[in-house]
Amino acid sequence: MNLLVIVAVLAAFSVDVAFSRRLFRKILPRNPKDMCRSGDGSSYRGFVSESVTERRCLNWNRFNDPWGASEGLGNHNYCRNPNKSLMPWCRIVRGKKIVREFCDIPKCDTPTTEAPPAVDTELTCGERSERRQNKIVGGSFTPIESHPWVAAIFKGKDFLCGGSLISPCWVVTAAHCFSDSGSTRRVSVYLGKTAINETDADNEQSFAVEKLILHQKYNDTNYDNDIALLKIKGVNGRCAVKSPSTQTVCLPPLHTQLPASFQCSVAGFGNERYFGSYSQYLKQGEVKLISQGDCGSKLHYENLITKNMLCAGSPDWSTDACKGDSGGPLVCEMAGRMFLFGVVSWGEGCARKNKPGVYTQVTNYNKWIATKTGLSKYTSGVMYPHK
């Protein structure tokens with residue numbers, strides 16, 4: 001009898017141990033370091049399931065992502081970083097929209113081997129961290145982290161034009177910024193810059209211009225084909241390093257067009273009024289697209305608008321690009337990413353009634369950009385959402 005009791009106890013103990021082991025394996029990841037964030041957190045396999053705004057994450061299996069189990073995805077809603085973004089993130093419901101938000105994952109205490117500099121790819125473009133803005137007339141002062149692709153182009157010590165980082169080594173800008181000489185002598189490009197007359201050593205990256213490519217059919221009379229490319233190179237021979245203040249903007253696919261009244265953003269260091277001085281700090285404004293037919297009507301610019309231009313303005317004509325914003329980005333948000341649809345080109349005055357800003361239509365130049373730079377992966381618009 002005693003022997004039977006002992007056997008029964010041992011059997012129960014064995015079952016309990018086996019169950020405990022299975023439960024232990026389920027709860028703990030294989031490597032305890034995976035419970036915290038190291039670097040960009042792409043190796044994180046912990047169980048945080050809410051965003052920084054304390055919203056519940058959605059299950060990854062609800063979405064048709066290009067990533068899989070090797071990046072930590074599956075039938076769960078834990079924060080992950082499958083695309084090597086700035087840090088782990090997840091999708092949440094905000095209002096009636098599903099958007100991406102970063103997660104607050106604790107950093108690992110143990111020292112890690114220094115990783116190589118982060119570099120943007122065609123799969124990591126168009127991301128930004130939003131910050132609160134200070135409203136002013138005609139737009140908002142905004143930190144560079146809200147538009148981390150904005151480039152500030154200088155000639156000597158003088159601010160010249162804006163631009164947009166489309167890959168770690170290439171900036172898109174306006175051809176008319178260089179139409180006087182076409183020379184890159186004394187031209188420098190700064191990324192991560194919030195104020196044009198201040199230096200932020202922690203966030204800024206500076207570059208010389210290795211190559212300038214003006215569009216071969218640029219017309220300095222009517223600003224048709226007003227687009228140019230700058231190949232940048234740092235003192236150490238490197239191109240741009242990815243950070244919260246320096247990231248690439250996405251390119252939409254060839255000939256993509258958005259409907260009239262679609263809301264987009266323009267950013268730059270241009271004048272706050274037509275006869276004013278440059279804005280010391282980066283500004284952004286919200287504008288709505290105007291159809292090419294309307295913009296080319298008698299009410300606006302009649303026959304001055306070509307097929308390579310697009311127009312945008314605010315409904316009350318209070319917000320517009322202005323002198324000094326030339327070459328800067330007109331970006332539109334699609335599926336949580338920012339896409340470059342326009343390059344600031346020209347306009348009559350600044351924020352004048354019925355005189356919207358005119359932009360070079362970037363999606364007419366995907367093939368030209370790819371031919372001149374070899375960036376076919378970037379110009380294909382791989383991250384643009386498809387129906």
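This is a predicted model: local features need pLDDT of at least 70, side-chain atom pairs count only at pLDDT 80 or more; totals for chains, interfaces and linings use all residues.
Which cysteine does a disulfide join to C125? C125 is joined to C250, with an S to S distance of 2.0 Å.

**Entry: the C125 link**

I checked where the two ends sit. C125 lies in the loop between β2 (97-102) and β3 (134-136), and C250 in the loop between β10 (228-233) and β11 (263-268). The two are 125 residues apart, so I noted the pair as a link between distant parts of the chain. Both C125 and C250 are buried. I read about 95° for the S-S torsion, and the link is right-handed.

**Entry: the cavity beside it**

Rolling a probe the size of a water molecule over the atoms shows where empty space is left. I found 1 cavity of 30 Å³ or more in the structure, and the largest cavity has a volume of about 60 Å³. Both cysteines of the link, C125 and C250, are in its lining. I also listed V249 and L251 there, along with E122, I166 and F339. Sorted by class, I get 10 nonpolar, 1 polar and 1 charged residues.

**Entry: other disulfides**

How many disulfides does the count come to? I get 8 disulfides. I followed up two more of them.

C57 and C90 form one, with sulfur atoms 2.1 Å apart. C57 is in the loop between α1 (2-27) and β1 (89-94), while C90 is in strand β1 itself. They are 33 residues apart, and this pair too links distant parts of the chain. I found C57 buried, and C90 as well. The torsion about their S-S bond is about -65°, so I wrote this disulfide down as left-handed.

C295 and C311 are joined at an S to S distance of 1.9 Å. Here the torsion is about -80°, so the disulfide is left-handed. C295 belongs to helix α2 (residues 292-295) and C311 to strand β13 (residues 309-313), 16 residues apart. Are these two buried or exposed? C295 is buried, with a relative accessible area of 0%. C311 counts as buried at 1% relative accessibility.

**Entry: helix α3**

I then turned to helix α3 (residues 366-373). Its buried residues are N366, W368, I369, A370 and T373. An α-helix has 3.6 residues a turn, so residues three or four places apart point the same way. I asked what covers the buried residues of α3. The cover includes strands β6 (158-167), β7 (170-173), β9 (205-214) and β10, as well as helix α4 (376-379). Just after α3, I noted that G374 takes a positive phi of about 80°.

**Entry: the whole chain**

Last, the overall numbers. I count 4 helices and 16 strands in the protein. Of its 387 residues, 50% are buried. I also looked at contacts between residues at least 6 apart in sequence, and 66% of these join residues at least 24 apart. The protein exposes about 20,300 Å², with carbon and sulfur atoms supplying 52% of that area.

Note on methods:
Residues are numbered from 1 along each chain as its sequence is written. Side-chain values use heavy atoms; hydrogens and water are left out. On a 1 Å grid over the protein atoms alone, a cavity is a set of points where a 1.4 Å probe fits but cannot get out, and a pocket is an open set with protein on both sides within 12 Å along at least five of seven lines; lining residues have an atom within 4 Å of a point. Grid points are joined across faces, edges and corners, and a volume is the space filled by probe spheres set on the points. Ala, Val, Leu, Ile, Met, Phe, Trp, Tyr, Cys and Pro count as nonpolar, Asp, Glu, Lys and Arg as charged, and the others, Gly among them, as polar. A disulfide is a pair of cysteine sulfur atoms within 2.5 Å. Buried means under 20% relative accessible area, exposed over 50%, partly exposed in between (1.4 Å probe, protein chains only). Contact means heavy atoms within 4.5 Å. Accessible areas come from the Shrake-Rupley method with a 1.4 Å probe; for residues, only the protein chains shown count as cover.
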